[in-house]
Amino acid sequence: MRKSVVALGAVLALIGIGAAAIPFAEDFAASRLKAGLAQNGVQVETVTVGLLDRSLALRNVAGGPNGELKVGEWQASGLTWPLGELLKGRLPFQGLNWGDPLHVARLHLRDFQLVQPDAGNSWKIGELTGTDIDLHRYESAYEGPFRNEVMVARLLGALSVDRLEQSDIVYTSLEQMTQSVARLTVTGYVQGLVDTLAMKDWQVKPAGARMAGVTVAETTARGIDLRRPIAMVSSLDWEPGMPIGRVPVAEGRMSGFGGDLMTRYGLSLGSVSTDTKHDSGDVSRSRVRVEEFVLAPSLRSVEALGMRMVLQSMNLKEVRLGFDCSTVEDRARHALTVEDCKLSGPDLMEISLAARIIDTDDEFWRSIDEGDVFGVLGTKAALASARLVIADKSLLQRSLQAKARLSGQPVAAERAALATEVRRYQPPGVLITQDMSKVLDAVARFVEQGGTLTVDAAPQPALGLEKLDYLLKPGADLVNALGLTATVSR
């Protein structure tokens, strides 16, 4: 019995000694971290280390010879350090280097400021909170001139975050143009894949301006894939200005457009949205919509005065437009189809375009994915067909009325003169053939009688994109190469 009591007493004593030693160990770790940061040019007013809850807090951080980095408060809790790093003698309290892994249950920053003198830009973040941050080890070897940009991209490729919230974000460029966001929320970020994104009150303010030029009240997106641009920026041969490729988005919407620039020119825009659905691994359908675009110039705006005078001459107070475009990518069947791209203005006109590109090879899709427009021209892809339809509802008549007011001629005379000019038109560098004359005659009849003009392109055989340079050469037979025909209907 005595032995048991003695053993229990010894255990309790050890526990008591260990508990009493924790504050000393925390103070020692904090002083070591503060000294280590100072050696690296980072000054910290206070450092607090919590061993039991694996937490770290820094207050009033200033780094760089001229205080380029400032952080009012930096807190991290639930720090987890890989066992392999511990066996190598590496501790998170000693500071992180590029490439180091880390897990943080919760991260909080307040009053973050970063100035980059070499680039001439700066970042400010009022507050940042992240939960379940998991950073895997990543490659840190890089000897090029863009180390910071490449390292950030590699970090993003190794990072996962359950939820990230930021508020009062301000970016100032070398030209002193500022971009700001009131609140940004990202959920489900996994190494470049984003589940959802929400952004409130995005503003762009030109240098020296008192008001924001463009503002967007709300931006939302789902299913964002940033892996391709992250991989490109992470590479050794990346340089600023290089194309970063296409960023797939399952759903996205921007609404609440405003700002001084739009107000001065009498512009308003309801929303811009996009969505992409995958029928299978090789087939995707995308749709882009622009809704409630309105041009209504004000008499109080000098910049919009000329446009208002033009609209008045056409008996219009405003112009309302909408845009809707649907495309289908079928990589299994080597085809890209523009099903219907439609620009419509109520009671004015409606313009629609459809096209089909066939024989798309891997190089074509690589160019599309990487944003290499000129790379498409060197592929085997070919234009199989295209159709442009212009339905006039009143725009042609209104335009001729405006022209007639300026010239003092009757509307009928202006219409006849324009139709004659179309028939006599000879495009420079294009072979004038009988088929060309037929196309121009159809356009002239559209001017004379209105209705709907349909222009079809059906090249036989399909026109390879690598042959498009032929169309730009003097003497090109444009109509025959594209298989152009035009018809007019009432």
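1. The model is predicted. Mean pLDDT for the chain is 87. Of its residues, 91% reach 70 or more. One stretch to treat separately is residues 5-19, where the pLDDT is below 50. Beyond near neighbours in sequence, that stretch has zero contacts in the model.

2. Start with helix 9 (residues 395-407) and helix 10 (residues 411-424). Their axes come within 9 Å. They cross at roughly 105°. Angles of 65 to 115 degrees count as roughly perpendicular, so helix 9 is roughly perpendicular to helix 10.

3. Which residues in helix 9 meet helix 10? They are L396, Q397, L400, Q401, K403, A404 and S407. On the helix 10 side, the partners are V411, E414, R415 and L418.

4. Now follow helix 10 to helix 11 (residues 434-449). The two axes come within 8 Å and cross at roughly 170°. An angle over 145 degrees counts as roughly antiparallel, and helices 10 and 11 are therefore roughly antiparallel to each other.

5. Helix 10 brings R415, L418, A419, V422 and R423 to this second contact. Helix 11 answers with L440, D441, V443, A444, R445, V447 and E448. By class there are seven nonpolar and five charged residues, with no polar ones.

6. Look at R415 and L418 in helix 10. Both meet helix 9, and both also meet helix 11.

Definitions and conventions:
Residues are numbered from 1 along each chain as its sequence is written. This is a predicted model: local features need pLDDT of at least 70, side-chain atom pairs count only at pLDDT 80 or more; totals for chains, interfaces and linings use all residues. Side-chain values use heavy atoms; hydrogens and water are left out. Axes are lines fitted to C-alpha atoms, for helices over the stretch in contact, and angles run from 0 to 180 degrees between N-to-C directions. Helices (H or I, at least four residues) and strands (E, at least two) are DSSP runs, numbered from the N terminus. Angles under 35 degrees count as roughly parallel, over 145 as roughly antiparallel, 65 to 115 as roughly perpendicular and the rest as oblique. Contact means heavy atoms within 4.5 Å. pLDDT is the predictor's confidence in each residue, from 0 to 100. Ala, Val, Leu, Ile, Met, Phe, Trp, Tyr, Cys and Pro count as nonpolar, Asp, Glu, Lys and Arg as charged, and the others, Gly among them, as polar.
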